[in-house]
Amino acid sequence: MSLGLVTVPISLHAATDSGPSVSFVRVHTADGGRVRNQPVCSLEDEAEVPTEEIGRGYETGEHIVPLTDDDLTQLPLPTAETLTILAFVPAGDIDPLQIERGYYVAPNGPAANKPYVLLREAMEDHGSVAIGKIALRSKETLTLVRPMGELLVLHSLRWPDQIRPPPAWSPTGQPTSAKTNSPQPRS
C-alpha cells in the first residue's frame, strides 16, 4: 500500500463467500436432452472451432481486433502489485451503490505492523476512509479502505460511470434529483 512516500507491505484476503449456488443446464423441452453451445466460426460454414484455436478479441463496432495473452501482459497497469491511496474522505461521502467485493487487508510481515496500526488509528480518529486504485484480476479497480475493529478492510468500488442514473420518477410521481457521490473519475 503506497501513501505518497510511505509504503506498507500488505496482503489481501477475501472477506466474503457467495456460498453454495445452484447452476442449471439448458435442456431440450421435447425430450429432456442437454443443449450444448457449439463454438462455431462466423466466417466459415458453421464449422466447429477446436478449443485450442479459440482466443479473445476486442470488438470495435465493425471490426474485431484479435488479442493474445502477450498483448494483455504488456498493457501498462500503474497499480500492478500496489494499492495506491489517492485521497482520504469522510466515510459518509461514499455512495453505497459503488461498493462491490470486500477483502481483509493484512500487514505483510512484522515491519508492516506499526505503520498499519498507525494508519488504521488515524483513519478511525478522523472518521475517514481512503480512496485508492489497485490492479485486481488484470484490471485497474477503484478501492475504498476503511478501518474495521483491529483491521483494515478494502472494498472494490464501481467507477462512477458504472452507476446508472436514477429513474426520473418516484412513488409520489415527482422527478428525483438524487445524485451519486463520485470519489474519483477514471483516468
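The largest nonpolar core has 17 residues, and those with the most contacts inside it are Met1, Leu83, Val105, Val145 and Leu152. By nonpolar core I mean a set of buried Ala, Val, Leu, Ile, Met, Phe, Trp, Tyr and Cys residues joined through side-chain atoms within 4.5 Å. Buried is under 20% relative accessible area, exposed is over 50%, and partly exposed is in between, with a 1.4 Å probe and protein chains only. The elements that give two or more residues to this core are β7, α2, β8 and β10. The most comes from α2, with 4 residues. Apart from this core lies another, of 8 residues, including Val89, Ile94, Val129 and Leu144. As background, nonpolar side chains in soluble globular proteins tend to be buried together.

Before going on, a word on the source. This is a predicted model, in which local features need pLDDT of at least 70 and side-chain atom pairs count only at pLDDT 80 or more, while totals for chains, interfaces and linings use all residues. Residues are numbered from 1 along each chain as its sequence is written, and side-chain values use heavy atoms, with hydrogens and water left out.

Back to Leu83. Which residues does Leu83 contact, leaving aside neighbours within four places in sequence? They are Met1, Ser2, Ile10, Lys133, Ile134, Thr143, Val145 and Leu154. Contact here means heavy atoms within 4.5 Å.

Ser2, on that list, is found in strand β1, residues 2–3. Ser2 counts as buried because its relative accessibility is 16%. Beyond its neighbours within four places in sequence, Ser2 is in contact with Thr7, Thr82, Leu83, Thr84 and Ile85.

Now the overall layout. The protein chain has 2 helices and 10 strands. Helices (H or I, at least four residues) and strands (E, at least two) are DSSP runs, numbered from the N terminus. Along the sequence the pattern is β-β-β-β-β-α-β-β-α-β-β-β. Of the chain's 187 residues, 24% count as buried. Among contacts between residues at least 6 apart in sequence, 63% join residues at least 24 apart. The accessible surface comes to about 13700 Å², of which 54% belongs to carbon and sulfur atoms; these areas come from the Shrake-Rupley method with a 1.4 Å probe, and for residues only the protein chains shown count as cover.

Next, helix α2. This helix covers residues 110–126, 17 residues in total, and reaches 26 Å from its first C-alpha to its last, close to the 24 Å expected at 1.5 Å a residue. The expected span is 1.5 Å times one less than the number of residues. Which residues of α2 are buried? Ala112, Tyr116, Leu119, Arg120 and Met123. Seen down the axis of α2, these buried residues fall within an arc of 95°, so they line one face of the helix. That arc is taken from the directions from the helix axis to the C-beta atoms. In general, an α-helix has 3.6 residues a turn, so residues three or four places apart point the same way.

On the other side of α2, Pro110, Lys114, Leu118, Asp125 and His126 are exposed. The cover over the buried residues of α2 includes β1, β6 (84–90), β7, β8 (128–136), β9 and β10. Just after the helix, Gly127 takes a positive phi of about 60°.

Now strand β10, residues 151–157, which is mostly covered: 6 of its 7 residues are buried. Two strands pair if DSSP finds at least two bridges between them. Strand β7 (residues 99–107) runs antiparallel to β10 and is joined to β10 by 5 bridges, and Tyr103 has Leu154 as its bridge partner in β10. Strand β9 (residues 139–148) also pairs with β10 in the antiparallel sense, over 7 bridges. Here Arg146 has Val153 as its bridge partner in β10. The hairpin of β9 and β10 has 2 residues between the strands, and Gly149 takes a positive phi near 60° there.

Is Ser156 buried or exposed? Ser156 counts as buried because its relative accessibility is 3%. Not counting residues up to four places away in sequence, Ser156 touches Gln98, Ile99, Glu100, Arg101, Leu136, Thr141 and Leu142.

Last, a loop residue. Val49 sits in the loop between β3 (10–14) and β4 (56–59). Val49 is buried, with a relative accessible area of 19%. Residues up to four places away in sequence aside, Val49 touches Pro39, Val40, Cys41 and Ile54.
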